Amino acid sequence: MAFVFINAGRKYEQINKNLYGHFAEHLGNGIYNGIFVGEDSPIPNTRGIRNDVAAALRQIQVPTLRWPGGCFAEYYNWKDGVGADRKRMVNAGWGGVVEDNSFGTHEFLDLCEQIGCAPYIAANVGSGTPREASEWIEYMTFAGESPMADWRRQNGRDAPWDIEFIGIGNENWGCGGNMRPEFYADVYKQFETYIRNYGERKLFRVACGADGADYEWTETLMRMAGKRMDGLSLHYYTMPGYYSTDEYKWERKTPAVGFDQANYYRTLRRALFIDELIVRHKHVMDKYDPERRVAIMLDEWGTWHEAEAGTNPAFLFQQNTMRDAVVAGVSLNIFNRHSDRVRMANLAQMVNVLQAVILTEGEQMVLTPTYHVFELYKGHQDATLIESYVQQDLTGTEEAQVPTLHISASERADGKVHVTLVNLSADAAQEAQVTLAGRAFTKAGVRSISGDMNSHNAFGEAPQVEIRTLPDIDVQGNSFSLSLPACCVAELVLE
Ligand code: AHR
């Protein structure tokens, strides 16, 4: 038995809706085929963007979308992707395939308008110039007369777009130029100087942050450039790696489906580590920015498994199971709880790449278990974080102990309290005694997904994982009990 406490009387920060953001890179079938099929495709589309995918993304209220990469951003020249004459280039980082640039700035911003999300542009620092980045902003956001704004008009778009978020570089400690933090901090300031605001909107400038637990990177960036940034990114991928005694080496990635319980709990332990990472980066940032003005932008997170057999390994196409859904559930709970500093998170990646919410094959589209987690959690967007915790035993293996239940809760503007609860146990249902405080409630609506840890949704087959709506629970006094099946992500709406 676990004891769950939810206190609507103790309120914290607003949960920034952008914690529910996504990331789409020119990688494999992430953009082409997955999102963009071109106007002449037999797959129903609006100006080349798949109607089925756009509708599914509207449903989960995607708040923001980061593009064009990733590592791709660091060899991308935006000028190749506008106008009638698009350059055909090699996507050297992701499989050496032809990138025909048919999806460029106009198409990306059309996608954002179709799904109703805010664009988050990643500018090229590693192989680009401050002038290129500066002209890109001028092209997208300037309303007056200028070479770039005039070019935009010639290319069919009169009104400027409303761009808020600009990332200045991606993984500049790695694929973005292999820089030292001191060197990148100077380069960041150089680029940032020329990224100007046009019109009313003040750009939100994001500096490249650390690779996982590199606290030294955060320390240097905050010390040298903290006052000139609005956000600092952080990338963390969950890989259930282990030491192979057959090969005498670390296996970083393992299959996306067909794993055992040891692998399952190791994955969850690694996913939960993101809590410690955020705490420690926050601690470093607090030294330089005690008011917490600079946001942590977790702009790449998610599971990274082996690519599916028979697919191009450089395309990073992986299936998505209830294990991935549990990872998403605990990660999003953790981000909610760090709303005092974490103000954006972008799942890697939105369609067909890594922990995707949508998979496509030709005209078929599959919604993954992770998609359903975003549906169950969307009530947290812009709600106020409230107190919630669980008293319980741990579960897992000797190697990887994890909490059995994982929770976050928020109060929405309409007064409803939104609770998300995850049962991490692979094989045991969990009885929970829920106690409410701070206000009176009369009922709880429950929706959930659950299944075997390996269950997933495949093309041409009936879905194994779908949201189930359970009968409302009557709340008598200030408590009720609840049974959560094994490997389950649930949403409770209290009113
Ligand atoms: O998401 C795939 C890759 O992972 C991104 O391009 C890069 O930023 C990260 O290393």
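Predicted model: local features only at pLDDT ≥ 70, side-chain atom pairs only at ≥ 80, totals over all residues.
Helix α9, which spans residues 369-377, is mostly covered, as nine of its nine residues are buried.

The structure holds 33 salt bridges. One of these joins the side chains of aspartate 299 and arginine 66, with an N to O distance of 3.6 Å. Aspartate 299 belongs to strand β14 (residues 295-303) and arginine 66 to strand β5 (residues 64-67), so this pair ties together parts that lie 233 residues apart in sequence. Both aspartate 299 and arginine 66 are buried.

A salt bridge is also formed between arginine 201 and aspartate 162, whose closest N and O atoms are 2.9 Å apart. Arginine 201 is located in the loop between α5 and β10, and aspartate 162 in the loop between α4 and β9; the pair thus links distant parts of the chain, 39 residues apart. Arginine 201 counts as partly exposed because its relative accessibility is 33%, and aspartate 162 is likewise partly exposed, at 48%.

In a further salt bridge, the side chains of aspartate 230 and arginine 293 meet at 3.5 Å, N to O. Aspartate 230 lies in the loop between α6 and β11, and arginine 293 in the loop between α7 and β14, so parts 63 residues apart in sequence are tied together. Aspartate 230 is buried, with a relative accessible area of 14%, whereas arginine 293 is partly exposed, at 40%. Finally, salt bridges that share partners connect Lys282, Asp286, Asp289, Arg292, Asp340 and Arg341 in one network.

Methods:
Residues numbered from 1 in each chain as written. Heavy atoms only, no water. Buried < 20%, exposed > 50% of the residue type's maximum accessible area, 1.4 Å probe, protein only. Helix = DSSP H or I, 4+ residues; strand = E, 2+ residues; numbered from the N terminus. Salt bridge = Lys/Arg side-chain N within 4 Å of Asp/Glu carboxyl O.
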